[in-house]
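Here are a few friendly notes to read with the model open beside you. Take them one point at a time and find each place on the screen as you go.

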Amino acid sequence: MKRGFYTIMAAQFFSSLADNALFVAAVELLITSGAAEWQRAALVPMFALFYVVLAPFVGAFADALPKGWVMFISNAIKVVGCLMMLFGTHPLLSYAIVGLGAAAYSPAKYGILTELLPPSQLVKANGWIEGLTIASIILGILLGGQLVGHAIASRLLSFDLPLIDTGIDTGPEAAIFVLIFVYAIAAWFNLRIPHTGVEMRAMPRNPLELVPDFWNCNSRLWRDKLGQISLATTTLFWGVSGNLRYIILAWSAAALGYSTTQASTLSGVVALGTAVGAVVASMRMRLESATSVMPLGIAMGVLVILMNYIGNVWVAAPFLILLGGLGGFLVVPMNALLQHRGHNLMGAGRSIAVQNFNEQACILGLGAFYSLSAGLGLSAFGAITVFGVVVAGIMWLIQRWHAWNQKHHKEELDHLLAIARHDNPDGHP
């Protein structure tokens with residue numbers, strides 16, 4: 001891997017670490033303020049909101065500037081969201097602003113991989129990026145859980161500045177203050193990401209011109225016989241896993257009687273399994289064989305339903321590691337295939353924006369459904385059953401879709417797979 005790849009990984013690690021720790025702090029902030037269950041569940045779709053609303057614009061923005069600068073600016077927006085939450089703005093609105101920063105960050109983070117590396121290294125690069133991202137999820141959720149826990153929160157609150165009233169009076173507020181410095185570390189790495197030498201694409205004077213261009217890119221990816229399968233799979237995976245992050249917190253409280261600090265450890269366990277699966281996939285899978293992992297998606301859906309029958313943490317931990325492992329092995333090759341097709345069809349930034357739009361729209365839709373259901377009394381057990389059935393059923397349909405393509409569009413698929421096997425865009429070695 002080129003040297004700049006490791007700088008990108010470090011920047012991504014610290015930014016994602018803070019994002020996930022902030023999620024736990026926001027949940028605890030809502031709990032301590034007496035907010036309803038549906039508001040806590042709504043944190044997930046609120047984070048996804050700007051991914052969907054700004055999807056036509058963030059990809060072009062990422063392609064118009066050096067991607068290290070885009071990541072730096074996006075990181076600064078996340079800090080603004082932290083400060084808003086710290087000084088009294090409602091956590092749902094504040095976390096939406098953090099999501100705005102993340103929406104702008106993502107096309108640059110993934111798009112730079114296709115500028116820096118050839119297709120033959122994309123699966124490996126995605127494996128490391130996803131593995132490290134999920135390591136940051138594990139550590140971020142654990143960090144957030146510990147920061148809001150009594151032991152560390154009481155020590156943080158014991159610090160006092162002479163003659164200055166900081167207004168930081170609770171554990172969640174102290175945690176948010178600490179996380180601002182984690183974002184600062186990410187910003188330091190952002191500024192050290194090298195230029196790739198790829199020509200920038202200027203933003204149009206009228207940003208609204210990007211909307212029809214974005215929908216055209218979205219349609220092209222959905223029409224591509226490999227792009228549509230990988231996009232459908234990753235959209236479903238991230239839509240469900242994004243909401244499971246909160247549902248596992250709710251399930252841990254209902255099934256095991258866990259506090260937020262204790263429940264955060266189980267969310268980290270799922271991410272640990274995903275990291276292992278991602279790294280194994282990066283070593284074992286090739287780009288042209290990515291579609292062979294689809295049966296794992298059906299297995300994931302079945303395992304999600306089986307969570308309802310677990311009431312012991314010693315059973316829950318290895319079970320959640322297995323669930324995460326299947327997800328990691330599924331998403332890495334599919335993500336790499338999607339990036340490869342998107343880069344060939346429309347450019348890195350725009351293709352990642354299309355991917356984010358679809359994935360975050362799924363998170364937003366499923367999260368809104370769960371938040372509404374929680375408001376109407378749906379239990380965590382009921383939500384898990386619904387999510388499991390959705391995963392298994394839709395993954396089966398995607399598998400049948402690909403089989404239909406293999407039968408009716410074999411020549412086109414063979415050509416696209418030939419391109420994926422080689423680093424040259426014409427498909428020849």
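1. Start where helix α8 touches helix α9 in this predicted model. From α8, the residues Ala153, Leu156 and Leu157 take part, and they meet Gly171, Ala174 and Val178 of α9. Sorted by class, this contact has 5 nonpolar residues, 1 polar residue and no charged ones.

2. Now look at how these two helices are placed. Helix α8 covers residues 150-158 and helix α9 covers residues 171-190; their axes come within 9 Å and cross at roughly 75°. Angles of 65 to 115 degrees count as roughly perpendicular, and α8 and α9 are therefore roughly perpendicular to each other.

3. Next, please find helix α10, residues 210-223, which packs against α11 at an angle of about 105° with the axes 5 Å apart. That makes α10 roughly perpendicular to α11. On the α10 side the contact uses Leu221, Trp222 and Arg223, while α11 brings Gly227, Gln228, Leu231 and Ala232. These residues divide into 4 nonpolar, 2 polar and 1 charged.

4. Helix α11 has another partner to look at. How do the axes of α11 and α14 cross? Helix α11 runs over residues 227-256 and helix α14 over residues 313-346, and their axes come within 9 Å and cross at roughly 160°. An angle over 145 degrees counts as roughly antiparallel, so that is the word for α11 and α14. The crossing of α11 past α14 is left-handed.

5. Which residues make this contact? In α11 they include Gly227, Leu231, Phe237, Trp238 and Trp251, and in α14 they include Val313, Leu320, Met334, Leu338 and Arg341. By class, the contact of α11 with α14 has 14 nonpolar, 6 polar and 1 charged residues.

6. Step back to the whole chain. Its secondary structure comes to 17 helices and 0 strands. Along the principal axes, the C-alpha trace spans about 70 × 50 × 35 Å. For 429 residues, a compact globule would have a radius of gyration near 22 Å, and the 21 Å of this chain agrees with that.

7. Finally, a word on confidence. The mean pLDDT of the chain is 83, with 92% of its residues at 70 or more. Over residues 424-429, however, the pLDDT is below 50, and this stretch has 8 contacts in the model beyond near neighbours in sequence. Where pLDDT is low, the predicted coordinates should not be read in detail.

Technical notes. Residues are numbered from 1 along each chain as its sequence is written. This is a predicted model: local features need pLDDT of at least 70, side-chain atom pairs count only at pLDDT 80 or more; totals for chains, interfaces and linings use all residues. Side-chain values use heavy atoms; hydrogens and water are left out. Axes are lines fitted to C-alpha atoms, for helices over the stretch in contact, and angles run from 0 to 180 degrees between N-to-C directions. Helices (H or I, at least four residues) and strands (E, at least two) are DSSP runs, numbered from the N terminus. Angles under 35 degrees count as roughly parallel, over 145 as roughly antiparallel, 65 to 115 as roughly perpendicular and the rest as oblique. A crossing is left-handed if the near helix is turned anticlockwise from the far one by less than a right angle, and right-handed if clockwise. Contact means heavy atoms within 4.5 Å. Ala, Val, Leu, Ile, Met, Phe, Trp, Tyr, Cys and Pro count as nonpolar, Asp, Glu, Lys and Arg as charged, and the others, Gly among them, as polar. pLDDT is the predictor's confidence in each residue, from 0 to 100. The radius of gyration is taken over C-alpha atoms; the globule rule is 2.2 Å times the number of residues to the power 0.38.
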